[in-house]
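Here is a short briefing to read alongside the structure. Have the model open and follow the topics in turn.

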Amino acid sequence: MPEPILAVTGVSKTYKGGFTALHDLDLTIHKGEIFALLGPNGAGKTTLISIICGIVTPSTGTIRVAGHDALTDYKAARSRIGLVPQELSVDMFETVLATVTFSRRLFGRSGHSAYIEQVLRDLSLWDKRHAKIMELSGGMKRRVLIAKALAHEPEILFLDEPTAGVDVALRRDMWKLVHRLRERGTTVILTTHYIEEAEEMADRVGVINKGKLLLVDEKTALMQKLGKRELELTVVEPLDAVPDGLERWQLSLANEGKTLRYVFDSTEEDTGIPSLLSALADRHIAFKDLETSKSSLEDIFVELVGERA
Ligand SMILES: Nc1ncnc2c1ncn2[C@@H]1O[C@H](COP(=O)(O)OP(=O)(O)O)[C@@H](O)[C@H]1O
Ligand SMILES: [Mg+2]
């Protein structure tokens, strides 16, 4: 096994004031992966990314980036990383081309114009290269941030909440870009509080809540766990018990016998719903309402940690 591109070991962070945002976190990422760190607001995602990128100092633990210790060998580690921050932070008076070229030179790379041109073209920024950043729309400014992060050809790209508040066109371009980066072998780590985003993008997903990594799994395996849905049938005549012969669906009765509840896996080809409905019809059980709900991130946390986030 080659050395992982990123190894986070025993990282904790207690901010001044005493709040502990990360608790003894371990995470290993391999080269070329697209990894999504999924968790609700306040989970510690930005704190973790900021520590890896050397913006925030960890209270305990070590971080190795492409074999370089992020604390003792900061420059080497940092040069492997591109960061697209959650908040907009760009020099408004510079032009697009100047600011992106500057970002590249910061890491001691010469102004490799062909590479910069490709990045700007990939992000639909080439035509705007001589525009001042303050003249650009919010979506365009965000594209500039991505171009800046990629300017020095990093091996790992961090995207902190890349599509929160972003328009559809940018979102689509971003996904295309991420897939192109992956083809080139760039590792991409993104944070999100949208399950859909993790589902759409990632090879592997880590779920974080309250500063703890609750699980890390292949996306397909995780989506299966997250894919549970509930079907609620409101019956016309309240029932005393779940009718005989319906054991295979493991139904439960709620709401004083007025609601039949069925939990199914929406990722399965056969959800069991058509056969359930015909079994109910066979037994002359009429229902007046039918509703399905997707298990939310909140529900998943409830399942994982046994309490509300
Ligand atoms: N500089 C700071 N000082 C004190 N607390 C902070 C600071 N930055 C973040 N926090 C707290 O740490 C927790 C995690 O924040 P953050 O890493 O931004 O979460 P996320 O990115 O998952 O939304 C939050 O409760 C937040 O209020
Ligand atoms: Mg954040």
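Helix α1 (residues 45–52) lies across β3 (34–38), β6, β7, β8 (187–192) and β9 (204–209), and runs at about 150° to β7. Contact here means heavy atoms within 4.5 Å, and angles run from 0 to 180 degrees between N-to-C directions of axes fitted to C-alpha atoms, for helices over the stretch in contact. Helices (H or I, at least four residues) and strands (E, at least two) are DSSP runs numbered from the N terminus.

This is a predicted model, in which local features need pLDDT of at least 70 and side-chain atom pairs count only at pLDDT 80 or more, while totals for chains, interfaces and linings use all residues. Residues are numbered from 1 along each chain as its sequence is written, chains are lettered from A and ligands numbered from 1 in the order in which they are written, and side-chain values use heavy atoms, leaving out hydrogens and water.

**The sheet**

- Six strands make an open, mixed sheet in the order β6-β7-β8-β3-β9-β10; two strands pair if DSSP finds at least two bridges between them.
- β6 (81–84) and β10 (212–218) each have a single partner strand, so one side of each is left without a neighbour in the sheet.
- On average, neighbouring strands of this sheet are turned by 15° against each other, direction ignored.
- β6 pairs with β7 (residues 156–160) in the parallel sense over four bridges, and V84 has L159 in β7 as its bridge partner.
- Helix α5 (residues 138–150) lies across β6 and β7, running at about 170° to β6.

- T46 belongs to helix α1 and Q86 to the loop between β6 and α3 (96–106), so the pair, 40 residues apart, links distant parts of the chain.
- T46 counts as partly exposed because its relative accessibility is 32%, and Q86 does so at 29% (buried is under 20% relative accessible area, exposed over 50%, partly exposed in between, with a 1.4 Å probe and protein chains only).

**Nonpolar cores**

- The largest nonpolar core has 45 residues, and L120, L125 and L150 have the most contacts inside it (a core is a set of buried Ala, Val, Leu, Ile, Met, Phe, Trp, Tyr and Cys residues joined through side-chain atoms within 4.5 Å).
- Helix α5 gives the largest share of this core, seven residues.
- Another core, of 27 residues, lies apart from it and includes I5, L27, F35 and I208.
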